[in-house]
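Visitor: Hi! Could you walk me through this one?

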Amino acid sequence: MRSRIMYIEDKSAGLTGPCRIGLVRFSKSGATLYYGDRALKSLTGSGFKANYFDQVTGEPFWIAGPRRDGADGLYGRITQPEDVDEEVAEPYWRDIRGLGTTPVATAWRGGDLKPATEDSLPFES
């Protein structure tokens with residue numbers, strides 16, 4: 001299963017919501033993305049300020065590739081170190097943002113968006 005570091009923002013509360021930079025895995029067809037225990041299906045252009053939805057809860061999400069300048073959100077929100085999942089922190093800051101190291105310790109702040117863990121993934125690696 002193909003995977004990629006991506007920006008994931010929960011849009012269920014409005015135009016901005018909790019966000020993460022994390023490892024997203026793609027289904028074979030690419031129509032479904034997996035992050036943590038969520039299966040996210042494409043809205044195929046029919047969403048308003050969102051491009052995916054949670055198949056279980058129906059909550060809308062904005063998912064996109066991360067930007068080198070860090071303005072990853074739909075409205076240019078700058079990604080902060082605490083928004084980056086620990087498992088992707090090093091390659092995100094080094095390869096995508098072009099910094100030598102993680103600026104400060106990366107930590108998960110809690111909330112509804114959970115970083116991926118091997119125990120919570122809904123598929124085989």
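Visitor: Is Trp93 buried or exposed?
Guide: Trp93 is buried, with a relative accessible area of 2%. Buried here means under 20% relative accessible area, exposed means over 50%, and partly exposed is in between, using a 1.4 Å probe and protein chains only. This is a predicted model, where local features need pLDDT of at least 70, side-chain atom pairs count only at pLDDT 80 or more, and totals for chains, interfaces and linings use all residues. Residues are numbered from 1 along each chain as its sequence is written, and side-chain values use heavy atoms, with hydrogens and water left out.

Visitor: Which ring pairs with Trp93?
Guide: That would be Tyr92: the two ring centres are 4.9 Å apart and the planes are at 75°, so the pair is edge-to-face. For rings of Phe, Tyr and Trp (its six-membered ring), pairing needs centres within 6.5 Å; planes under 30 degrees apart are stacked, over 60 edge-to-face, and the rest tilted. Tyr92 counts as buried too, at 0% relative accessibility.

Visitor: And how many aromatic pairs are there?
Guide: The count comes to 1 aromatic pair.

Visitor: OK, zooming out. How many helices and strands does the protein have?
Guide: There are 1 helix and 6 strands, and along the sequence they follow the pattern β-β-β-β-β-β-α. Helices (H or I, at least four residues) and strands (E, at least two) are DSSP runs numbered from the N terminus.

Visitor: What do the strands build?
Guide: They make a closed barrel of 6 strands, E1-E2-E3-E4-E5-E6, with antiparallel pairing. On average, neighbouring strands of this sheet are turned by 40° against each other, direction ignored. Two strands pair if DSSP finds at least two bridges between them.

Visitor: Which strand does E1 pair with besides its neighbour in the list, and over how many bridges?
Guide: Strand E1 (residues 3-10) pairs with strand E6 (residues 60-64) in the antiparallel sense over 4 bridges. Within that pairing, Glu9 has Trp62 in E6 as its bridge partner.

Visitor: Where does the helix sit?
Guide: Helix H1 (residues 86-96) lies across E1 and strand E2 (19-26), at about 100° to E2. Axes are lines fitted to C-alpha atoms, for helices over the stretch in contact, and angles run from 0 to 180 degrees between N-to-C directions.

Visitor: What about E3 and E4?
Guide: They form a hairpin with 2 residues between them, and Gly36 in the turn has a positive phi of about 60°. Strand E3 (residues 32-35) and strand E4 (residues 38-42) pair in the antiparallel sense over 4 bridges, with Arg38 in E4 as the bridge partner of Tyr35.

Conventions
Contact = heavy atoms within 4.5 Å.
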